[in-house]
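Keep the structure open beside the text and follow along.

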Amino acid sequence: MNAFMRITFILHVKLIKNRKKACHPYEPFKCPGDGNCISIQYLCDGAPDCSDGYDEDMRLCTAAKRPPVEETASFLQSLLASHGPNYLEKLFGSKARDALSPLGGVEKVAIALSESQTIEDFGAALHLMRSDLEHLRSVFMAVENGDLGMLKSLGIKDSELGDVKFFLEKLVNTGFLD
């Protein structure tokens, strides 16, 4: 093996080891492309620290401001379990029937809510019909304006209003309607 091949091999082995190594607690975010570990404070700070710029990816930065996907999926699943497979049709429209199956399921909707910068992006990600998107926008506007009467008119019970409002406010407060 000549010197060039040996150096190439050593660099390749180091790269593979770097991708597999665990990150230090002070630098817990592992860049998916190069395996480098960076501090959380450098995520979404406007300056790429991962070689491929992943730490500045718009979806990642949006998701960092939103409730975790697991929390969102759990909340949606609990609403479905408590109220039946078509309950979320009240919020997301007719494609939300059968436990969100036509939209790809709870997990896909939770990911789209987390990663979509705006309600328009969310609609595009899930291929919502314009009428369903406008309905969803009116639900979010009602929450933003404190109009609980609109949520009640959709059939959301008083006992559910607090949780639904709290969940939707988290999205509104992170720019979902912008």
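F29 counts as buried, because its relative accessibility is 14%. Buried here means under 20% relative accessible area, exposed means over 50%, and partly exposed is anything in between, all with a 1.4 Å probe and protein chains only. Before going further, keep in mind that this is a predicted model, where local features need pLDDT of at least 70, side-chain atom pairs count only at pLDDT 80 or more, and totals for chains, interfaces and linings use all residues. Residues are numbered from 1 along each chain as its sequence is written, and side-chain values use heavy atoms, with hydrogens and water left out.

So what does F29 pair with? The structure holds five aromatic pairs, and in one of them F29 is stacked with Y54, at 6.2 Å centre to centre and 5 degrees between the planes. This pair ties together distant parts of the chain: F29 sits in strand β1, Y54 in the loop between β2 and α2, and they are 25 residues apart. Y54 is partly exposed, because its relative accessibility is 31%. (Rings of Phe, Tyr and Trp, the last by its six-membered ring, pair if their centres lie within 6.5 Å; planes under 30 degrees apart are stacked, over 60 edge-to-face, and the rest tilted. Helices are DSSP runs of H or I with at least four residues, strands are runs of E with at least two, and both are numbered from the N terminus.) Elsewhere, F92, F122, F140 and F176 make up one aromatic cluster.

Now follow the chain to helix α2, residues 58-65. Which of its residues are buried? They are L60, C61 and T62, and what covers them includes β1 (29-30) and α6 (106-115).

C44, in the loop between β2 (37-38) and α2, has a phi near 60 degrees, a positive value in a residue other than glycine. C44 counts as partly exposed, since its relative accessibility is 30%. D98 also has a positive phi, near 50 degrees, and is likewise a residue other than glycine. D98 is found in helix α5, residues 97-100, and with a relative accessible area of 48% it is partly exposed.

On to the charged side chains. Side chains of opposite charge can pair when their charged atoms come close. The structure holds nine salt bridges, each being a side-chain nitrogen of Lys or Arg within 4 Å of a carboxyl oxygen of Asp or Glu. In one of them, R130 meets E120, with the closest N and O atoms 3.3 Å apart. That pair links distant parts of the chain, R130 in helix α8 (residues 130-144) and E120 in helix α7 (residues 119-126), 10 residues apart. R130 also bridges to E134, at 3.4 Å from N to O. Why are R130 and E134 separated by about one helical turn? Because they are four residues apart in helix α8. E120 is partly exposed at 33% relative accessibility, and E134 is partly exposed at 34%.

Another salt bridge joins D158 and K152, at 3.2 Å from N to O. D158 counts as exposed because its relative accessibility is 56%, while K152 is partly exposed, with a relative accessible area of 45%. Finally, salt bridges with shared partners join E120, R130, E134 and R137 into one network.

Definitions and conventions. Contact means heavy atoms within 4.5 Å.
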